[in-house]
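Trainee: Could you take a close look with me at a single part of this model? I would enjoy a connected walk through it.

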Amino acid sequence: MIYWDHNATTPVADQVLEAMLPFLTQRYMNPSSGYAAARAVRDAVEEARSHVAALAGASPGEIIFTSGATEAINTAIKGIRAMTPGRPVLCLPTDHSAVLQAIVGERGAYPDPAAYAGVDRQGRVLPGEWERETALQPAGASVTWANNETGVILDAAALVETAHRHHLPVHIDAVQCLGKMPVDIAASGAEYASFSAHKLYGPKGVGALYVRAGVRLPVMIFGGDQEQGRRGGTENVPGIVGFGEAARMALAGLDEAAAMCERRDAFERGLLASLDDIEIIAGQTDRLPNTSNILFGGCTAEALSLLLEPMGLLCSAGSACKTASPNPSHVLTAMGLDDREARSCLRFSMGRLTSGADVQEGIRIVTEAVRRVRSVQSSRTGPVTVYRP
Ligand code: PLP
């Protein structure tokens with residue numbers, strides 16, 4: 001089976017599991033307890049913090065462990081709003097649902113909770129709109145550095161700089177870039193950033209919030225003095241240790257990005273050579289080295305996915321968090337694709353273990369699936385859609 005859904009989640013690396021296991025068995029002590037065995041557990045948490053900070057370009061004291069990126073994002077965005085109540089938070093219509101829903105989730109309480117700056121067909125922010133919206137003095141802004149569906153990488157530092165000219169605090173959703181490309185969150189200038197372990201071969205249910213040194217952020221989870229009093233609750237020690245090990249490995253493997261990019265490009269070239277009427281989404285801009293989002297004219301993503309799984313390839317029609325939604329991807333429609341186009345796109349996200357042989361096999365499988373779907377439709381029937389009662 002070829003697993004090309006690494007933007008949804010990655011397998012836990014063997015070394016990560018090995019690092020975690022002792023903290024599920026012999027080293028179970030509460031890191032806040034006073035005896036030496038517990039202090040050793042605390043040291044392991046702090047070592048993990050140093051690894052995550054090193055990968056993110058932060059200082060260890062700026063990293064707060066959370067239950068995942070969704071919690072980190074909610075903490076940052078609700079904090080931004082609490083510090084300037086009554087003002088909207090500026091974001092992008094292509095942001096992850098964790099960002100969008102953290103902003104609009106309390107619609108009743110905030111009649112106009114979100115402000116948006118549009119993007120073009122390549123997923124790039126329209127600079128005039130970003131400038132105009134930041135000048136309107138929202139409470140703050142949030143930017144997704146690398147998009148989970150298209151892989152589009154934004155110039156986060158430039159967007160932060162514009163927002164700072166208007167004295168706005170900025171949160172960066174850096175979930176998809178951490179481990180896939182160099183991240184220097186300090187150099188980006190952002191006040192806050194969110195990360196997740198399970199996108200970089202760490203465990204699920206653990207993430208981190210970056211709060212730049214000296215920057216204020218209200219506490220959202222009370223209950224103890226853990227995480228310097230900024231996030232109460234007994235730490236998920238095995239998860240944090242796993243995150244640390246995953247970050248250490250990712251830092252050592254960052255130079256594999258070029259080879260990953262070659263495999264991704266070979267996949268796209270292979271499909272372009274064997275199929276007509278396909279489009280590489282955001283193919284003309286900077287993208288994550290592992291991500292291809294492809295529009296297959298005349299095929300619904302749903303029909304293709306149904307064929308691809310039994311043929312031995314797992315991929316996604318969009319964000320894993322929105323699989324249950326009947327609507328087309330909000331990311332693709334925000335980029336200007338119409339409803340039919342957005343429903344014809346599949347995301348392939350390769351991983352560390354993807355080989356050249358997988359790429360050739362992937363080209364073969366996808367080509368065959370597209371030909372099969374196209375062969376059961378005529379120009380009169382239009383794209384094949386799957387009926388789900
Ligand atoms: N932001 C982006 C861009 C993501 O891809 C994801 C995960 O799908 C999240 C946020 C949420 O991360 P988590 O699963 O750790 O809550």
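Mentor: Happy to! Please keep in mind that this is a predicted model. The structure holds five aromatic pairs. Take tryptophan 4 and phenylalanine 348: their ring centres are 6.4 Å apart and the planes stand at 90 degrees, so this pair is edge-to-face. It connects distant parts of the chain, with tryptophan 4 in the loop between β1 (2-3) and α1, and phenylalanine 348 in strand β12, 344 residues apart. Tryptophan 4 is buried, its relative accessible area being 0%, and phenylalanine 348 is buried too, at 1%.

Phenylalanine 348 also pairs with phenylalanine 267; here the ring centres are 5.0 Å apart and the planes make 70 degrees, which is over 60, so this pair is edge-to-face as well. Again distant parts of the chain are linked, since phenylalanine 267 belongs to helix α9 (residues 257-274) and phenylalanine 348 to strand β12, 81 residues away. Both phenylalanine 267 and phenylalanine 348 are buried. Together, Trp4, Phe267, Phe296 and Phe348 make up one aromatic cluster.

Now for the sheet that holds β12. Three strands form an open sheet in the order β9-β10-β12, with antiparallel pairing. β9 (278-280) and β12 are the edge strands, each having a single partner, so one side of each has no neighbour in the sheet. On average, neighbouring strands are turned by 25 degrees against each other, direction ignored. β9 and β10 run antiparallel and are joined by three bridges; in one detail of β10, leucine 295 is the bridge partner of glutamate 279. Helix α10 packs on this sheet, where it touches β10 and β12, and its direction makes about 45 degrees with that of β12.

Let us follow that helix. In α10 (residues 301-311), the buried residues are Ala301, Ala303, Leu304, Leu308 and Met311. Viewed down the axis of α10, these buried residues fall within an arc of 155 degrees, so they line one face of the helix. As background, an α-helix has 3.6 residues a turn, so residues three or four places apart point the same way. The cover over the buried residues of α10 includes β10 (291-296), β11 (313-314), β12 (345-349) and α13 (356-375). After α10 comes glycine 312, with a positive phi near 105 degrees.

Technical notes: Residues are numbered from 1 along each chain as its sequence is written. This is a predicted model: local features need pLDDT of at least 70, side-chain atom pairs count only at pLDDT 80 or more; totals for chains, interfaces and linings use all residues. Side-chain values use heavy atoms; hydrogens and water are left out. Buried means under 20% relative accessible area, exposed over 50%, partly exposed in between (1.4 Å probe, protein chains only). Helices (H or I, at least four residues) and strands (E, at least two) are DSSP runs, numbered from the N terminus. The arc is that of the directions from the helix axis to the C-beta atoms. Contact means heavy atoms within 4.5 Å. Two strands pair if DSSP finds at least two bridges between them. Axes are lines fitted to C-alpha atoms, for helices over the stretch in contact, and angles run from 0 to 180 degrees between N-to-C directions. Rings of Phe, Tyr and Trp (its six-membered ring) pair if their centres lie within 6.5 Å; planes under 30 degrees apart count as stacked, over 60 as edge-to-face and the rest as tilted.
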